[in-house]
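The following note sets out points for a colleague reading the model. Please consult the sequence and coordinates alongside each point.

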Amino acid sequence: MSKGSSGKGKKIDMSVIAAKALELIKAAGDKGIVQSELWKKLGIDSKRGSRLVHHFLMENRITRRSIVVGGRKTFLILPVMRVVDIVDIEPMAEIPCFYCVDIEVCGRYLINPIDCLMFNDWLNRAAERWVSAEQEEKT
Ligand code: SF4
C-alpha cells in the first residue's frame with residue numbers, strides 16, 4: 001500500500017488505513033459491514049474505498065454480498081476467515097510429528113504414537129498446560 005493524498009492536500013498512509021479496515025471487517029464477522037459505513041469509519045472517500053475493497057478481494061481477504069440499503073444497491077463486506085485467523089497454530093508447531101524423520105513409517109511397524117517417547121512427552125506437556133489453564137480460569 002502506498003501513501004496518497006486525501007484530495008485536501010493531506011497525505012494518507014494507506015497501509016495504516018488498510019490494516020484498520022481489515023480490523024473493522026474482521027470485527028464485523030458474519031454480520032459484515034456495509035461498505036459506505038466502512039469508508040466512513042476509515043475517513044476515506046468512495047473512490048479510495050473502492051480501490052481498497054478491490055485490493056482485498058484480489059488478496060482473497062474479503063468477500064462481498066450485494067444488498068439494498070434505503071432503496072440503494074450497495075455491498076456488504078465480509079471477512080474471509082483463514083485457519084490462522086481462527087486457530088492459534090503456535091502450540092501445534094511443537095508437535096514432534098511435524099519434524100519427525102519416521103513420520104512416513106509411523107504406525108506401520110514398531111514405530112507408533114503409543115510407544116513414541118517424543119510424542120508422549122509432548123502429549124504430557126500439552127495436558128499439563130491444559131490443566132494449568134483450566135485451573136487458572138477457575139481462580
Ligand atoms: S508419533 Fe513419534 S515416531 Fe510417530 S511421527 Fe510422531 S514423533 Fe514420529
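1. A residue is taken as buried if 20 or more other C-beta atoms lie within 10 Å of its own, exposed if 12 or fewer, and partly exposed in between, with C-beta atoms placed from the backbone. By this criterion, buried residues account for 11% of the 139 residues in the chain.

2. This is a predicted model, in which local features need pLDDT of at least 70 and side-chain atom pairs count only at pLDDT 80 or more, while totals for chains, interfaces and linings use all residues. Residues are numbered from 1 along each chain as its sequence is written.

3. Confidence is expressed as pLDDT, the predictor's confidence in each residue, from 0 to 100. The chain averages 87, and 89% of the residues score at least 70. Among the elements, the lowest mean pLDDT, 50, belongs to strand 1 (residues 3-5), and the highest, 96, to strand 3 (residues 33-34). Where pLDDT is low, the predicted coordinates should not be read in detail.

4. Helices (H or I, at least four residues) and strands (E, at least two) are DSSP runs, numbered from the N terminus. The chain has five of each kind, in the order β-β-α-β-α-α-β-β-α-α from the N terminus. Contacts are pairs of residues whose C-beta atoms, placed from the backbone, lie within 7 Å. Of the contacts between residues at least 6 apart in sequence, 34% join residues at least 24 apart.

5. Helix 1 (residues 14-28) comprises 15 residues and spans 21 Å from its first C-alpha to its last, close to the expected 21 Å at 1.5 Å a residue; the expected span is 1.5 Å times one less than the number of residues. Gly29, with a positive phi near 60 degrees, follows this helix. Lys26 lies within helix 1 and is partly exposed, with 16 C-beta neighbours inside 10 Å. Between Lys26 and Leu78, 52 residues apart in sequence, the C-alpha to C-alpha distance is 7.6 Å.

6. Asn60 sits in the loop between helix 3 (46-58) and strand 4 (62-69). Is Asn60 buried or exposed? Asn60 is exposed, because 9 other C-beta atoms lie within 10 Å.

7. The residues surrounding the ligand include Cys97, Cys100, Cys106 and Cys116, together with Asp102; a residue is near the ligand if its C-beta atom, placed from the backbone, lies within 6 Å of it. By class, this shell holds 10 nonpolar, no polar and one charged residues. Ala, Val, Leu, Ile, Met, Phe, Trp, Tyr, Cys and Pro count as nonpolar, Asp, Glu, Lys and Arg as charged, and the others, Gly among them, as polar.

How values were computed. Contact = placed C-beta atoms within 7 Å.
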